[in-house]
Amino acid sequence: MRDMEVKVVASSGTTAAIVVDDVVMKFGKTVALDGLSFSGDEGKVLGVLGPNGAGKTTAVRILSTLLRSDSGRASVCGVDVARDPYGVRQLIGLTGQYAAVDEFLTGWENLEMVARLFRLSRKQAKARADELLEQFDLAEAGSRPVKTYSGGMRRRLDIAASLVAKPRVMFLDEPTTGLDPRSRVGMWSVIKELVQQGTTMLLTTQYLDEADHLADSIVVIDHGKAIARGTSDELKRLVGGERLEIRVPDPSQLAAAAQALAVAAKETPTIDEDSGWLRVSAPQGAAVLPDVVRELDEAGVRIEDLAIHRPTLDDVFFSLTGRATETDVETKAGKGAHTPNSVRVEESA
């Protein structure tokens, strides 16, 4: 499906705060964006997914006026990023992949400095720094040099700095990369709180569970193009419904297992002879398990693993791009073999 654009558009009825329309960006002979188009609704979180090199960061840099596209149009809250970059900068906040804070200053001094750069008075800058330190649970650490902060604390301070001018739209470019699981969850809470306050978010991420958890809508980018758009549930429906998977350790029993599955599920399963896995769609979900177990038992087939697999964004990503995300590859590489004779019901994050 990689070469075919799949459009899934939900009618939200809200105003688009972020618009990218047929944008092309080249670096020499390299085409970073190849007619990219998508939009994000006001007061919502737009998740932007894609493999490394897909064009996510380039799109963010164009929207935040750090790059000028070769052609096409992009706007933020109706303001054209090419025609009025200064106007766009008054509307946005940007957090890149690495925390852009001065580690030799204290947390408070970082925020006060940014506030002064936004031409707040000294009194206003001090008040805003105090307010943001409290909001991001950094008040106790505010007088400490940033070099003593943990990765999660630096990330929170970085986002706090991008909020000094109270932007209407925030661009978060992989904000939780490199954070431990606890810090990631804490960052999710921060993002949710900001959206509840009315901030529009564009979130690029390599973590599909993050997009599943936070994004109101998602656009998948590959080779500089949007290849799918929609809500998480809409995208998951692209790869079909639930499927039943069993693993047979004895290759001589694969044919008998396939026949038993076909009877129980009323569909011919696919067989991976190298791994011993058999897969068949299961529209009725776990309700089909008793029939499957009974048919396999009557056929004398011994199974090593059985699972009901519900589609996840990982499945969508792989189906559309032909690749797993780096984080998905790392996760699977770190997992051991499944416990023999176990029954698993896998759900999306």
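Student: Which residues in α3 meet which residues in α5?
Tutor: Keep in mind that this is a predicted model. On the α5 side, the contact uses Leu157, Ala160 and Ala161. Facing them in α3 are Gly107, Asn110, Leu111 and Val114.

Student: How do the residues of that contact of α3 with α5 divide by class?
Tutor: Leu, Val and Ala go in the nonpolar class, while Gly is counted as polar. Sorting the residues of the contact of α3 with α5 that way gives five nonpolar, two polar and no charged.

Student: At what angle do α3 and α5 pack, and what does that make them?
Tutor: Helix α3 covers residues 107-117 and helix α5 covers residues 151-162, with their axes 9 Å apart. The angle is about 20°. Angles under 35 degrees count as roughly parallel, so α3 is roughly parallel to α5.

Student: Are α3 and α4 parallel or oblique to each other?
Tutor: Helix α4 is residues 122-135, and its axis lies 8 Å from that of α3. The two pack at an angle of about 135°. That angle therefore makes α3 and α4 oblique.

Student: How many charged residues are in the contact of α3 with α4?
Tutor: From α3, the contact takes Gly107, Trp108, Leu111, Glu112, Ala115 and Arg116. From α4 come Arg122, Ala125, Lys126, Ala129, Asp130, Leu132 and Leu133. They divide into seven nonpolar, one polar and, for the charged ones, five.

Student: What is the angle between α5 and α6, and how are they arranged?
Tutor: Helix α6 spans residues 181-196, and its axis is 10 Å from that of α5. The angle is about 15°, so α5 is roughly parallel to α6.

Student: Which residues of α6 does α5 meet?
Tutor: α5 brings Gly152, Arg155, Arg156 and Ile159 to this contact. By class, the contact has four nonpolar, two polar and two charged residues. The α6 residues are Ser183, Met187, Val190 and Leu194.

Definitions and conventions: Residues numbered from 1 in each chain as written. Predicted model: local features only at pLDDT ≥ 70, side-chain atom pairs only at ≥ 80, totals over all residues. Heavy atoms only, no water. Axes fitted to C-alpha atoms, helices over the stretch in contact; angles between N-to-C directions. Helix = DSSP H or I, 4+ residues; strand = E, 2+ residues; numbered from the N terminus. Parallel < 35°, antiparallel > 145°, perpendicular 65-115°, else oblique. Contact = heavy atoms within 4.5 Å.
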